[in-house]
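Q: I am new to this structure and would like a close look at a single part. Please take the sheet and what surrounds it.

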Amino acid sequence: MKEALIITQRDVEENISLKEVIDIVEKTYRWYGEGEIIMPTKITLNMDSLGLPNWLNSMPAYIRPLDVVGIKWVGGFKENKGKGLPYIMGQILLNNPRTGELRALVDGNLITNMRTGAQSAVFAKYLASKTDILTIIGGGTQGIFTALCMLELFDLKEIRVSDISKDACEHFTKIVSQKTSIPVKAYDSNEEAVKDADIIVTATTANTPLVYKKWVKPGVFISSIGSYQELEEELILKADKRYVDHMGQNLHRGEFYNCFQKGILKESDITGEIGDVICGKALRRERPDEIIVASPIGMGCLDIATGAIIYNRILESDNEVIMKFSIIRTSSSVEV
């Protein structure tokens with residue numbers, strides 16, 4: 001049996017750029033729409049009932065164009081902040097799809113943040129009407145990466161952030177301002193932050209409305225990447241179009257879940273999955289004034305594809321990273 005690589009967070013950082021992650025996320029969405037990926041709905045392990053306020057997701061996928069099968073094992077750990085650790089912790093296993101041999105154990109923390117930011121950027125590429133003003137509700141790590149990915153794709157004129165934490169807003173503006181010369185502004189009010197915004201991304205752990213229909217303008221594109229409902233029910237129901245990344249997963253989690261449970265939203269009310277949009281199988285925006293809401297809650301194939309690109313790049317280099325025993329780094333070497 002061949003030795004497997006242990007790919008640390010620093011290895012990830014050194015072997016793939018944010019632009020490359022956006023590219024592989026878009027390709028993977030397309031492959032999924034073309035039927036080139038097998039990916040069941042993620043399974044969630046919730047430990048609340050036994051006294052631990054934590055959860056873990058099991059997210060396997062087979063990606064034929066990359067000749068890889070793998071699984072992402074990732075979760076949220078509420079007490080990590082007080083321990084100096086990220087809330088989200090994840091690992092990715094890559095296997096040979098023919099023999100089952102382990103190819104690599106990959107640190108999944110940075111990959112998770114990069115591909116999560118890339119998700120909304122790719123959605124916006126196909127569904128946004130204008131891209132002048134971007135508003136991020138939630139100034140944490142995933143909000144920061146979303147802003148950085150949007151900067152890679154669009155000629156933004158202004159970036160706004162709103163968060164219940166003033167420190168989070170200050171950190172967001174500091175990091176994002178280092179990457180751009182356009183104004184990056186913090187707001188105390190969600191309402192003021194979303195006024196006249198072309199793209200709105202909610203990136204929080206909230207399960208309460210953060211954005212209301214009366215606040216947003218016609219033509220806005222809204223991406224809710226949190227695990228729970230972050231938008232007003234009226235905004236969801238009266239949107240002109242609604243999109244998801246993976247229908248099965250959105251029936252169990254994410255922005256539309258409560259509406260599905262109440263029976264006020266049906267699968268037929270979802271315009272399509274982003275993979276089908278990219279492939280031309282589902283409708284895109286038809287008018288510039290349409291209000292469009294999307295729920296990209298995360299697909300394991302994106303992480304596995306990103307990990308596979310890094311793995312192949314390392315194999316092709318002279319980098320000596322093959323180690324039988326190593327500790328995966330959990331603290332970020334990137335200031336976010």
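How many bridges join strand E13 to strand E15, and do the two run parallel or antiparallel?

A: The model is a predicted one. In it, strand E13 (residues 241-244) and strand E15 (residues 292-295) run parallel and are joined by four bridges. Within this pair, Lys241 stands opposite Ile292 of E15.

The two strands belong to an open sheet of eight strands, in the order E10-E9-E8-E11-E12-E15-E13-E14, with parallel pairing. At the edges are E10 and strand E14 (272-273), each of which pairs on one side only. Strands of a sheet pair through backbone hydrogen bonds, and the pairing can be parallel or antiparallel.

Helix H3 (residues 109-127) touches strand E11 (199-202), E12, E13 and E15, and its direction makes about 155° with that of E12. Helix H4 packs on the sheet too, touching E8, E9 and E11, with its direction at about 165° to that of E8.

Strand E12 (residues 221-224) holds Ser224. Ser224 counts as buried because its relative accessible area is 0%. The side chain of Ser224 makes a polar contact of 2.6 Å with the side chain of Glu255. Leaving aside residues up to four places away in sequence, Ser224 touches Thr202, Glu230, Leu231, Glu255, Ala294, Ser295 and Pro296.

Helix H5 (residues 166-177) can be checked for length. Its twelve residues, at 1.5 Å a residue, should span 16 Å, and the end C-alpha atoms are 16 Å apart, so the two values agree. The buried residues of H5 are Ala168, Cys169, Phe172, Thr173, Ile175 and Val176. Residues three or four places apart in an α-helix point the same way, because there are 3.6 residues a turn. The cover over the buried residues of H5 includes strand E8 (133-137), helix H4 (141-153), strand E9 (158-162) and strand E10 (184-187).

The same check can be made on helix H2 (residues 18-33). Its 16 residues should span 22 Å at 1.5 Å a residue; the end C-alpha atoms are 23 Å apart, which agrees. Among the buried residues of H2 are Leu18, Val21, Ile22, Val25, Trp31 and Tyr32. Just after H2, Gly35 has a positive phi of about 80°.

Some single residues in other elements complete the picture. Asp11 lies in helix H1 (residues 9-15) and counts as buried because its relative accessibility is 8%. A polar atom of the Asp11 side chain lies 2.9 Å from the backbone nitrogen of Thr8. Asp11 is 149 residues from Arg160 in sequence, and their C-alpha atoms are 32 Å apart. Met89 is in strand E6 (residues 88-95) and is buried, with a relative accessible area of 13%. Met89 and Phe77 are twelve residues apart in sequence, with 7.6 Å between their C-alpha atoms.

The cysteines come last. A disulfide is a covalent bond between the sulfur atoms of two cysteines. With a cut-off of 2.5 Å between the sulfur atoms, the count is zero disulfides. Cys279 is in no disulfide, and the nearest cysteine sulfur, that of Cys301, is 12 Å away. Seen from Cys301, the closest cysteine sulfur is that of Cys279 at 12 Å, so the two are too far apart for a bond. Cys279 counts as partly exposed because its relative accessibility is 24%, whereas Cys301 is buried, with a relative accessible area of 0%.

Notes. Residues are numbered from 1 along each chain as its sequence is written. This is a predicted model: local features need pLDDT of at least 70, side-chain atom pairs count only at pLDDT 80 or more; totals for chains, interfaces and linings use all residues. Side-chain values use heavy atoms; hydrogens and water are left out. Buried means under 20% relative accessible area, exposed over 50%, partly exposed in between (1.4 Å probe, protein chains only). A polar contact is a pair of N or O atoms within 3.5 Å; within protein, one must be able to donate a hydrogen and the other to accept it, and residues adjacent in sequence count only if both atoms are side-chain atoms. Contact means heavy atoms within 4.5 Å. The expected span of a helix is 1.5 Å times one less than its number of residues. Two strands pair if DSSP finds at least two bridges between them. Axes are lines fitted to C-alpha atoms, for helices over the stretch in contact, and angles run from 0 to 180 degrees between N-to-C directions.
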